Amino acid sequence: MKLALIIIGAILLTILIVWLIDKFIPAKIKPVVTLVLWGLIAFLGYQTFMSVYKPILFNQVKEKRYAQVIEKLVDIRDSQVAYKEVKGKYTNSYDSLINFIENGKFAIVERRDTSVVDEELTRRYGGVETRVEKTIIDTLDFVSVKDSLFKTSTRYKTMMNVPFAKEGTKFKLNAGEVGEDDDDKFPVFEAYVLKKDVLHDQDKAYIAQENKAISVEEIKGDAVRVGSMEEVKVNGNWPKVYDPKS
């Protein structure tokens with residue numbers, strides 16, 4: 001905005017100069033000087049236009065890139081949630097995650113409530129049959145994790161690679177536990193990439209401004225992330241415009 005005001009001021013000043021030239025410069029050289037100044041006005045006008053248009057282009061680029069980054073993070077999240085369902089914890093290894101997707105299985109179970117004779121209580125009450133309620137879990141079948149999450153797609157093999165970033169850039173993957181003591185610990189994970197890595201070829205000033213985003217319609221902070229190492233959650237830090245299912 002500041003640059004735009006400066007350029008607009010320069011244009012107005014140039015127009016004033018053109019008017020002064022028209023009034024006071026000798027007619028012989030007036031056409032040349034006037035042509036140069038109008039060329040300068042056109043250049044400054046273009047600069048003014050671009051000062052407004054460049055942020056629009058940057059926003060279009062970042063939104064397109066963030067959308068594809070988030071698609072990858074959602075795949076990582078879904079894979080981690082499945083891993084925890086079977087293993088009881090998360091992993092910080094993509095190799096382990098991929099191996100689990102390819103070879104792991106979900107158990108299909110059926111839960112049913114029934115009552116059974118409690119022999120201990122029956123003896124205690126002198127032989128009077130005493131029954132207790134119990135939930136019985138029957139395993140009916142097993143299904144492939146890969147078929148459940150990705151069907152015929154193999155995109156899970158490259159879900160760790162950050163789109164649009166420099167070659168070799170991967171999402172940082174962490175896993176661990178949070179809690180006050182050993183009896184009160186919960187598994188957690190996070191996967192993230194810095195915004196500057198996704199937007200590495202864009203204007204540094206715009207990236208710096210993007211890192212300070214606080215609007216509810218923007219991705220807050222300097223990274224796009226899912227999960228947390230400080231609290232138990234599996235959602236991402238992006239607004240629903242990017243991922244309505246998060």
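1. Sheet pairing. Strand 3 and strand 4 pair in the antiparallel sense over 8 bridges, where two strands pair if DSSP finds at least two bridges between them. The two are joined by a hairpin through 5 residues. Strand 4 also pairs with strand 5 in the antiparallel sense, over 6 bridges. Glu190 illustrates both pairings: Glu190, in strand 4, is the bridge partner of Asn174, and Gly227 in strand 5 is the bridge partner of Glu190.

2. Basis of the note. The model is predicted, so that local features need pLDDT of at least 70 and side-chain atom pairs count only at pLDDT 80 or more, whereas totals for chains, interfaces and linings use all residues. Residues are numbered from 1 along each chain as its sequence is written, and side-chain values use heavy atoms, with hydrogens and water left out.

3. Overall architecture. The protein has 7 helices and 5 strands; helices (H or I, at least four residues) and strands (E, at least two) are DSSP runs, numbered from the N terminus. Their order along the sequence is α-α-α-β-α-β-α-β-β-α-α-β. Of contacts (heavy atoms within 4.5 Å) between residues at least 6 apart in sequence, 59% join residues at least 24 apart.

4. Burial and surface. Of the 246 residues, 32% are buried; buried means under 20% relative accessible area, exposed over 50%, and partly exposed in between (1.4 Å probe, protein chains only). The protein exposes about 16,000 Å², and carbon and sulfur atoms supply 55% of it. These areas come from the Shrake-Rupley method with a 1.4 Å probe; for residues, only the protein chains shown count as cover.

5. Nonpolar core. The largest nonpolar core has 37 residues, and those with the most contacts inside it are Val69, Leu73, Ile76, Phe171, Val224 and Trp238. Two or more residues each are given to this core by helix 2 (30-87), helix 3 (94-103), strand 4 (185-194), helix 7 (204-210) and strand 5 (223-228). Helix 2 provides the largest share, 9 residues. Such a core is a set of buried Ala, Val, Leu, Ile, Met, Phe, Trp, Tyr and Cys residues joined through side-chain atoms within 4.5 Å. Leaving aside neighbours within four places in sequence, Leu73 is in contact with Phe171, Ala191, Tyr192, Val224, Arg225, Val226 and Trp238.

6. Salt bridge between Glu218 and Lys62. The structure holds 8 salt bridges, each a side-chain nitrogen of Lys or Arg within 4 Å of a carboxyl oxygen of Asp or Glu. In one of them the side chains of Glu218 and Lys62 meet at 2.8 Å, N to O. Glu218 lies in the loop between helix 7 and strand 5 and Lys62 in helix 2, so this pair ties together parts that are 156 residues apart in sequence. Glu218 is partly exposed at 25% relative accessibility, whereas Lys62 is buried at 3%.

7. Salt bridge between Arg155 and Asp75. These side chains meet at 2.7 Å, N to O. The pair links distant parts of the chain, 80 residues apart: Arg155 is in the loop between helix 5 (145-149) and strand 3 (172-179), and Asp75 is in helix 2. Arg155 is partly exposed, with 38% relative accessibility, whereas Asp75 is buried at 9%.

8. The closest N and O atoms of Lys195 and Glu210 are 3.3 Å apart. Lys195 is in helix 6 (residues 195-198) and Glu210 in helix 7, 15 residues apart. Both partners are buried, Lys195 at 0% relative accessibility and Glu210 at 4%. Salt bridges that share partners join Lys62, Lys195, Glu210 and Glu218 into one network.

9. Leu199. Leu199 is found in the loop between helix 6 and helix 7 and is buried, with a relative accessible area of 0%. Not counting residues up to four places away in sequence, Leu199 touches Phe58, Lys62, Arg65, Tyr66, Ile207 and Glu210. Leu199 and Glu210 are 11 residues apart in sequence and 10.0 Å apart in space, C-alpha to C-alpha.

10. Nonpolar surface patch. Leu12, Ile15 and Trp38 form a nonpolar patch on the surface, with about 310 Å² of accessible area together. Patches are made of residues with over 30% relative accessible area and no salt bridge; like charges are joined within 9 Å, and nonpolar side chains (Val, Leu, Ile, Met, Phe, Trp, Tyr) within 5 Å. Ile15 is found in helix 1 (residues 2-24) and is partly exposed, with a relative accessible area of 37%.
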